[in-house]
Amino acid sequence: MAGGRSALATLVLLLAAAVAPLSCSVRPVSDAHRSAAAELFAASPDGSFGNLERTYEAVRTFQILEVEKDKSLTGKACKLAAEKLAFPSSSPAKDLFHAVRIISVLRCSVDSSGYDDVAARLKAVIKETNSLLELYYSVGGLLSIKEQGHNIVLPDADSAFHAIKALSQNDGRWRYDTNSVESSTFAAGIALEALAGIVSLANAEVDPSMIGVVKNDVVKLFDTIKSYEDGTFYFDEEHVDATEYKGPITTSASVVRGVTSFANVASVKLNIPGEKILGLAKFFLAIGLPGSAKDCFNQIESLSLLENNRAFVPLILSLHSKVLSLTSKDQLKVEVTTVFGYSAPPLRVNLVQVLGSDSKVISTENKELQFDLDNNVHYLDISPLKIDVGKYSTVFEVLVNCINFPSEPEHETIYATGGRNTETIFVTGLIKVDNMEIGISDNDAGTVESVQKIDLQKDTSVSLSANHLQKLRLTFQLSTPLGNKFKPHQVFLKLKHENNVEHLFVVPGTARQFKIILDFLGLVEKFYYISGKYDLELAVGDAAMENSFLRALGHLELDLPEAPERAPHPPAQAVDPFSKFGPKEEISHIFRSPEKRPPKELSLAFMGLTLLPFVGFLIVLVRLGVNLKNFPSLPAPAAFASLFHAGIGAVLLLYVLFWVKLDLFTTLKYLSFLGVFLVFVGHSALSYLSSTSTKHKTA
């Protein structure tokens, strides 16, 4: 088997993937949610959050998470809401609903007299409409105005209550209006919230019998709740039009708002199982960091309502760590908090059952966890449980200590602990390798020629030799810290040739031992008929092993027959993409041998002959004398004439330097500057001589 390198390279990834699901546990709201909310509700370039609905969702989320925002953003949100309230008669109930809530959250400074027109507008909508959404927005807007300290009373509360109740169905769902055929779970949530608002706005007590009827509707609604195997509960739509489908997050949030609002105003207790309330909290926490602003708002507000209602306060049990080490003697630590991470009331946590990965019962002894007051965690030493390495399901029971609330005997039932909570843990430890033997045997008789024992605790290395008629045999055993047989996820034997061709073999295992026999006669083609020295390496890995290893065992001298003509060739070796950045080979260049030159004396004699004409020119020039009669006498023309002759001398000197030292391009560069200089001074000098000559002729 080729490609061993890539298979071994993925060993760590496979082991990490085995433990990765354990890290996805339900945890309370943290600073990560605050950072996500600040990013999802980022203001636009003009400093606003968008329309009224999105603005309310943003400021409400920031209020719950206690995220501080810039005052300019707050001012623009207040201005947007105030502008909408300035003209209530032309504004729909939905916009007025969100505008009033924005002002309530931000405590904006507005003219309170304007609320009279807004309240009148919303009351008129309640009388005229039969739409559940319009009733919801109108009642919600009036309730928000009342919560800001204004005297708001709904005179015909019973009529509005019956109008909404008339839209309910036998299964606990609601219709959006009298013309709707299908019922909706999302509509049930907003209906319950609207009914709670009517009870708060009524000038007299609402008929208790109607409250009891709605209570039964809530029970029926929770009969339709869906669940996952981990105890998570959620609501979703059924048989609704695609345009009305909201999704499980929005639908569940609507129900939570409605149920908590109704529970806060109802005079009777709602018969909702605690595990379903806890399951809803787990559903919203299991979302983690939401991907959209709408989901973030629904998640945070729903959790806030679950934490701050007088009927249902879910307590979240979470493990401090889901991976425990037998080597380090880690303790099983459990935290019980509210959904926002606040401390729970005095309570007891019991470990009632431990199940193996195959659902086999490991322990049924009821053990109470000790409480660490300083760190607010419950802990238990797992060594008495005789838990070995592997994956386990632990079942906990959370019991609120009602004895701590003598004046509130009903206090225990306020907290939803969900009965029994199941959490998955992963126990790791050091795996011992025993009785490892490797040897070569004959192909036919099976007689073992040589067997060598290998102790991985010591730096031992074996040296074996075999031909194509023999077999390689490797056996060993693995045991856990408690002495049980262990079967890891990955066991490979790798043979690597000197030319880097690798062969990887999976080592099969049973309950007793791991054993592999390589019959070289049947593997000659897989080995590409390549004889020579092979390095032996054993790789053993598992998520539960703290000592997973890739260990060299020694080498094998393998003698294989010659390859036939059409034998397969070994695959091309992978090229390291970074090798092109490494050091390059040194280039050794042999220069051409210099040509044979004449003797030095002959070269000097030739140079002397070439200089004889120039020497003769100088002699003749001296004998004839220098004519300076026409040299200018005035200072300025004399200066130009001198510079002109000096420039000519510089050009002659540049020619000499060109032959001795300078290259052509450098010479031309200097010559260009000298040429411009000579043109200027030469023109001035020659102009003077020309004018002087003209004057002599005219004289």
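## Terms and model

Buried means under 20% relative accessible area, exposed over 50%, and partly exposed in between (1.4 Å probe, protein chains only). By that cut-off, Cys78 and Cys108 are both buried.

This is a predicted model, where local features need pLDDT of at least 70, side-chain atom pairs count only at pLDDT 80 or more, and totals for chains, interfaces and linings use all residues. Residues are numbered from 1 along each chain as its sequence is written, and side-chain values use heavy atoms, with hydrogens and water left out.

## The disulfide

The structure holds one disulfide (a pair of cysteine sulfur atoms within 2.5 Å). This disulfide links Cys78 and Cys108, with an S to S distance of 1.9 Å. The link is left-handed, at -70° about the S-S bond. Cys78 lies in helix α5 (residues 71-85) and Cys108 in the loop between α6 (93-106) and α7 (114-128), so the bond ties together parts 30 residues apart in sequence. Helices (H or I, at least four residues) and strands (E, at least two) are DSSP runs, numbered from the N terminus.

Another cysteine, Cys296, is buried, with a relative accessible area of 1%.

## Helix α11

Helix α11 spans residues 208-223, 16 residues in total. From first C-alpha to last, α11 reaches 23 Å, close to the 22 Å expected at 1.5 Å a residue. The expected span is 1.5 Å times one less than the number of residues.

The buried residues of α11 are Met210, Ile211, Val214, Lys215, Asp217, Val218, Leu221 and Phe222. They cover an arc of only 160° around the axis, which puts them on the same side of α11. The arc is that of the directions from the helix axis to the C-beta atoms. An α-helix has 3.6 residues a turn, so residues three or four places apart point the same way. The cover over the buried residues of α11 includes α9 (157-165), α10 (185-201), α12 (248-265) and α13 (274-286). Contact here means heavy atoms within 4.5 Å.

## Strand pairing

Two strands pair if DSSP finds at least two bridges between them. Five strands form an open, mixed sheet in the order β17-β23-β22-β19-β20. β17 (462-467) and β20 (502-506) stand at the edges with a single partner strand each, so one side of each is left without a neighbour in the sheet. β19 (residues 490-497) runs antiparallel to β20, joined by five bridges. Lys496 has Glu502 in β20 as its bridge partner.

Elsewhere, β12 (residues 390-400) runs antiparallel to β7 (residues 347-356), with nine bridges. Eight bridges join β12 to β14 (residues 420-428), also antiparallel. Phe396 in β12 stands opposite Leu351, and Phe396 also stands opposite Asn421 in β14.
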